[in-house]
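Subject: Structure for your files

Hello,

Here is the structure we spoke about, with the sequence. My notes on it follow below.

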Amino acid sequence: MSNSTLTTGTWTLDSAHTDVDFVVRHAGISKVRGTFGDVSGELVLADDFTASSVEATIGVASIDSGNEQRDGHLRSADFFDVEQFPQMTFRSAGVTGTEESFTLSGVLVSDAVKLEISAAFVLPQES
C-alpha cells in the first residue's frame, strides 16, 4: 500500500494536541478516570504503511485523576511505582490505534488499566 497523501519522514508528537487518558475500575462499580500530562514521541511514516511505526513515552509522575491525594497514592509502589518506573513507553509496528493494559496490585482496584493515546504529530520544518 503506497502513501500518496502524507509526507513520509519522522514526525514529532505535538503534545499541545495530544491526550493520554486512562480508566480503571474501582470497587467493581465505579471508574476512576484521569490523564497523563507529560508525553513525547514520534511517528516514522514510510512510503509503505506496513513499514511505519509510532512511539510514545509517558512520564508516569504526570498522572492527574483530579484528586491530589489519590494521585500521590497512584504514584506509589502500590500502583505505578514512579520511583522504579518513571516512564511508560508505547511502541507500535503500525500506525493504527490499539489498546494496552497494565497490571497493577490492589483488591479494590481492577488489575487492568485502559490507556488511550489520541496523538497529533507535526513534520519538523527543515532549516
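From the N terminus on, the order of elements is β-β-β-β-β-β-α-β-β-β-β, which comes to 1 helix and 10 strands. Helices (H or I, at least four residues) and strands (E, at least two) are DSSP runs, numbered from the N terminus.

This is a predicted model, in which local features need pLDDT of at least 70 and side-chain atom pairs count only at pLDDT 80 or more, while totals for chains, interfaces and linings use all residues. Residues are numbered from 1 along each chain as its sequence is written, and side-chain values use heavy atoms, with hydrogens and water left out.

Overall figures

The chain has 127 residues, 30% of them buried. Buried means under 20% relative accessible area, exposed over 50%, and partly exposed in between (1.4 Å probe, protein chains only). The accessible surface is about 8200 Å², with 49% of it belonging to carbon and sulfur atoms; accessible areas come from the Shrake-Rupley method with a 1.4 Å probe, and for residues only the protein chains shown count as cover. Of the contacts (heavy atoms within 4.5 Å) with a separation of 6 or more, 66% are between residues 24 or more positions apart.

Cores

A nonpolar core is here a set of buried Ala, Val, Leu, Ile, Met, Phe, Trp, Tyr and Cys residues joined through side-chain atoms within 4.5 Å. The largest one has 17 residues, and Phe22, Phe36, Ile58, Phe80 and Leu115 have the most contacts inside it. Strands E2 (19-26), E3 (30-36) and E5 (53-59) are the elements that each give two or more residues to this core. E2 supplies the largest share, 3 residues. A second, separate core has 5 residues, including Trp11, Leu43, Val54 and Phe90.

Phe36 lies in strand E3 and is buried, at a relative accessible area of 4%. Leaving aside residues up to four places away in sequence, its contacts include Val20, Phe22, Ile58, Phe80, Met88 and Leu115. Phe22 is 14 residues from Phe36 along the chain, and their C-alpha atoms are separated by 8.1 Å.

E2 and E3 run antiparallel and are joined by 7 bridges; two strands pair if DSSP finds at least two bridges between them.

Asp81 is in the loop between helix H1 (68-75) and strand E7 (87-92), and counts as buried at 15% relative accessibility.

Salt bridge

How many salt bridges does the structure hold? There is 1, the term meaning a side-chain nitrogen of Lys or Arg within 4 Å of a carboxyl oxygen of Asp or Glu. The side chains of Arg91 and Glu55 form a salt bridge at 3.1 Å, N to O. This pair links distant parts of the chain, with Arg91 in strand E7 and Glu55 in strand E5, 36 residues apart. Arg91 is exposed at 60% relative accessibility, whereas Glu55 is partly exposed at 30%.

Regards
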